[in-house]
Amino acid sequence: GCKDCPLCFSPVSISIDKQSSAETHLICHYICGHCSWSSKDCGVSVGADKLLEYSNNDKMDEQDAEKQRMAAISVITKELENCFQQKVSDRNQEGALFHSIGEMWAKREQDEERRKRMMISSTIINDDKKKEKSAWSLGALEDSLVEKKRDLESLYLGAKKGVDASVSSPSVDDEPQTKEQQIPTAQQVAAQMSLTITAPRYQQDLLPLPVHYRSRVSRRCRAEQSAGRTGILVKPKLNPLEGDTSLRAGHGQWWKKDSSAIHVVPRVQLCRYGTDPSTGKVAALLKVKNPTLNMIRLRFSGPNSSGEGETIDAKELENILVDPFMETIIAKADLCSSDSLSAIAPSDWIELDSAEDLLLDIGKRQQDDPHVVTSCDFAPLLDALDSNSLPKLTVVTSRGDTSWVEVVIPNSVVMGPDGEKTPTNFFAVPLSMQIEVGNGSWEASLIKRRNVPEEEQDLVQLDIVVLLHV
């Protein structure tokens, strides 16, 4: 099967090369084209001398020689896979884990004894030097620091004591890398532990990693399926060339995901809001922007004011992803009471101009929000609301392709089944956005106007939910 490099986790390939010891012998092994790692380091390699029988054989036909050569390569690759499996089974055999632990502790004990001996010898030398330099001075302090640094280097780098610091030492890059410098990283060890039960000590112990295949899983939207559509969300792509003209059939049958709605539906954004948790008063300022190059005429109203659409299910307000970049998820939000929005009147009609081209505004000063938006303060508005106040939707201001709409709800307390207030930090306010189709409005959506009288408006109703934090 396919393998990955244990060092850089890139795909490896099977290579047949000549051995460095003898030019007439071939060896088959795994090699990484990214970091030049070879499975010869861990002992996963097999001989490939069978191929030499077909390379210089003049008596055999070329086609027959090629067939036998391919058959020999297939046998060699199977032997390489068997060698890999044997290595894995040897490391996973019974008692191998305890044997590796014993070797590790024995090695640590040897290192500790060696370190103690070197520390004792360095202590004796330092005591002799201290007797010679009993007088304290700044120069003696600097000399002692240099000597301590040299002693530490001699402990870990194996340098001889008493060597002058001015003598140039060989470069680290010129010296062969020792086993201590080839200790695998934590990520490499974790990948190996999924394959064997023994932890590798050096990079020479790393085995090639098998590629884990993904199962064929599809995901479909239940709401789309109930409406008679496919509703495919995730589909396995078995053939990367599916739909390409190089295949005999299925030309142009690409699997496409329709994301055109984000380019034609007006964008609604919550600018700012104010709440009074004790009385349930809510005031919010919404910003709606036209993303198309044509005019859009719309208005806001209460939820399902025209009798169309579906009610919001409580399960739809669980595990809400509010910020995909920071992966901010709200566990649950309670729906605003329907009585508080039953008497809300639709807003005035808003006519949004075509979207402004950002490329034409390069070099110009960016326009800020209007003063009536930046200076909006909901505290006096919430204090002025009483029990007789009605919810309302008011268009604050409009400018070009953008408008701002104010939502005021005097009583949005969410009541539980026993008549008590539900303890929650988030609640949702359902609204509806009605867009006119035809008469020059929303032509970029490619939605055709229905056969209705000219004096009537053909409206498309989209449900939106405003999520607020108490």
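Biologist: Which strand gives the largest share of the lining of the largest cavity?

Modeller: Strand S9 does, with three residues. Strands here are DSSP runs of E with at least two residues, helices are runs of H or I with at least four, and both are numbered from the N terminus. This is a predicted model, in which local features need pLDDT of at least 70 and side-chain atom pairs count only at pLDDT 80 or more, while totals for chains, interfaces and linings use all residues. Residues are numbered from 1 along each chain as its sequence is written, and side-chain values use heavy atoms, with hydrogens and water left out.

Biologist: What lines the largest cavity?

Modeller: Its lining includes Val 282, Ala 284 and Leu 286, along with Val 407 and Ile 409. S9 (281–289), S16, S17 (426–437) and S18 (458–469) each supply at least two of the lining residues. The lining has nine nonpolar residues and no polar or charged ones. Ala, Val, Leu, Ile, Met, Phe, Trp, Tyr, Cys and Pro count as nonpolar, Asp, Glu, Lys and Arg as charged, and the others, Gly among them, as polar.

Biologist: What does S16 pair with, and in which sense?

Modeller: Two strands pair if DSSP finds at least two bridges between them. S16 (residues 402–409) pairs with S15 (residues 392–399) in the antiparallel sense, over seven bridges. Val 395 stands opposite Val 405 in S16. The two strands form a hairpin with two residues between them, and Gly 400 in the turn has a positive phi of about 65°.

Biologist: How many salt bridges does the structure hold?

Modeller: Side chains of opposite charge can pair when their charged atoms come close. A salt bridge puts a side-chain nitrogen of Lys or Arg within 4 Å of a carboxyl oxygen of Asp or Glu. The structure holds seven. In one of them, Lys 3 meets Glu 81 with the closest N and O atoms 2.9 Å apart. That pair links distant parts of the chain, 78 residues apart: Lys 3 is in strand S1 and Glu 81 in helix H2.

Biologist: Are Lys 3 and Glu 81 buried or exposed?

Modeller: Both are buried (buried is under 20% relative accessible area, exposed over 50%, partly exposed in between, with a 1.4 Å probe and protein chains only). In another salt bridge, Glu 351 and Arg 297 meet at 3.6 Å, N to O. Arg 297 is buried at 16%, whereas Glu 351 is partly exposed at 47%. Glu 436 joins Arg 297 and Glu 351 in a network of salt bridges.

Biologist: How many disulfides are there?

Modeller: A disulfide needs two cysteine sulfur atoms within 2.5 Å, and the structure holds zero. For Cys 83, the closest cysteine sulfur is in Cys 42, 8.2 Å away and therefore too far for a bond.

How values were computed. 1 Å grid on protein atoms, 1.4 Å probe; cavity = no way out; pocket = protein on both sides within 12 Å on 5 of 7 lines; lining within 4 Å.
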